[in-house]
Every structure is written in structure tokens, then in C-alpha cells.
Amino acid sequence: MSKTDSLDAPPPEGLMLPVPGVDYGLLDGLLGYALRRAQNALYLDFYRATAAWDVSPQRFAALVLIARNPGLRQGLLGQAMGLHRSGALRLTDWLTAQGWAERRDAPGDARAWGLYLTPAGRRRLAKVEAAVAEHDRALLAALGDQGAALKAGLERLAWVATARSTDPHNKPRRQKP
């Protein structure tokens, strides 16, 4: 695995479904563990749906954000994706090495540059977007009436968890050994 590949989580090796005979204790009741199981299954399904294009969920998100925001600065891309500066740099380097994105000088600021999709990047994104949209429609259809409510609930959960983690009154407490 090259240095630039390490920014993406590797594809999951297998489903994280409950194993008969294994006592999961508290884990079975935790929201976070249920989300982790679901995320693992979604990653596997995403990789199946996009196998022909070597595009991970993170790479796909970056392509979409750059396409929708021509001239997006690398730092802002990292912020939008929840990446540290070094992760955004590695992701940008990977996208430019593939010929899917390019850096261009920012008008009026010789020290800055923005990201733009190349024609090859736009073609790649169009193909992957169609596959990902179909993938998402199939998942939502399988959930029936609960699909839209689940998506809204997950968005709300992200806001609640973020608010809790950024509240100065919710400092993590270390337990003494």
C-alpha cells in the first residue's frame, strides 16, 4: 500500500454481523456499535457498486465537492470532509496523480490555489455518480417508509454528537487506573 493510499480506510474484509455463540455484552445495546456494523456493511456494498472505478467513499466525496465548488481550496475540502490537513493533502495528491483534479493558482492571491476537476475527472465522476445514486436508491427502497426518517435521524445524530463533543462542559474524563 502506498503512502497516498493510506488515507482511505481499506475496504472491509467482511460483514460485521453478530456471530452465533459470541456474547457481545454491552456492545449489542450501543448505538455506536450498531452504526459501526451498518457502516461496515455500507462500505462493502459501496465497494461492490463502484468496483470498476477504484473510487472509495472518501475519494467519491472529494470529487463531488470539487465538482460542485470549482476553485475549492484544499483546507476547505479537508474541513468539509472532516480531514486533518495532511489527509486533505494526501487525498488531493492522489486525485491529481490520477489526472482527475488539478491545482490552479487562485485569482488575486499568488500564494493560494484552488482545486478543479479535469475533463477526465468529470467523466469519471459522471459514471461513478450514476452508480452511487442507484446504489443509494436501492438502499432507501429496501428500507421502505423508514428510509427518509433514518437519514434524517442520522443527520440529527451527527449534529447532536458534534455539539456534545465541542461543548466545553463536556470535557472527556480520564479514569484513574
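**Ground rules.** I am working from a predicted model, where local features need pLDDT of at least 70, side-chain atom pairs count only at pLDDT 80 or more, and totals for chains, interfaces and linings use all residues. Residues are numbered from 1 along each chain as its sequence is written, and side-chain values use heavy atoms, with hydrogens and water left out.

**Whole fold.** I found six helices and two strands, taken as DSSP runs numbered from the N terminus (helices: H or I, at least four residues; strands: E, at least two). Reading from the N terminus, I get the order α-α-α-α-β-β-α-α. I then looked up burial: 25% of the 177 residues count as buried, meaning under 20% relative accessible area with a 1.4 Å probe, protein chains only.

Next I looked at strand 1 (residues 101–106) and strand 2 (residues 109–117), which run antiparallel and are joined by six bridges; pairing takes at least two DSSP bridges. I noted L115 in strand 2 as the bridge partner of R103. Two residues separate the strands of this hairpin, and G108 in the turn has a positive phi of about 80°.

**One histidine.** Is H135 buried or exposed? H135 counts as buried because its relative accessibility is 9%. I placed H135 in helix 5 (residues 119–143). Beyond its neighbours within four places in sequence, H135 is in contact (heavy atoms within 4.5 Å) with L42, D45, F46, R48 and A49.

Definitions and conventions. Buried means under 20% relative accessible area, exposed over 50%, partly exposed in between (1.4 Å probe, protein chains only).
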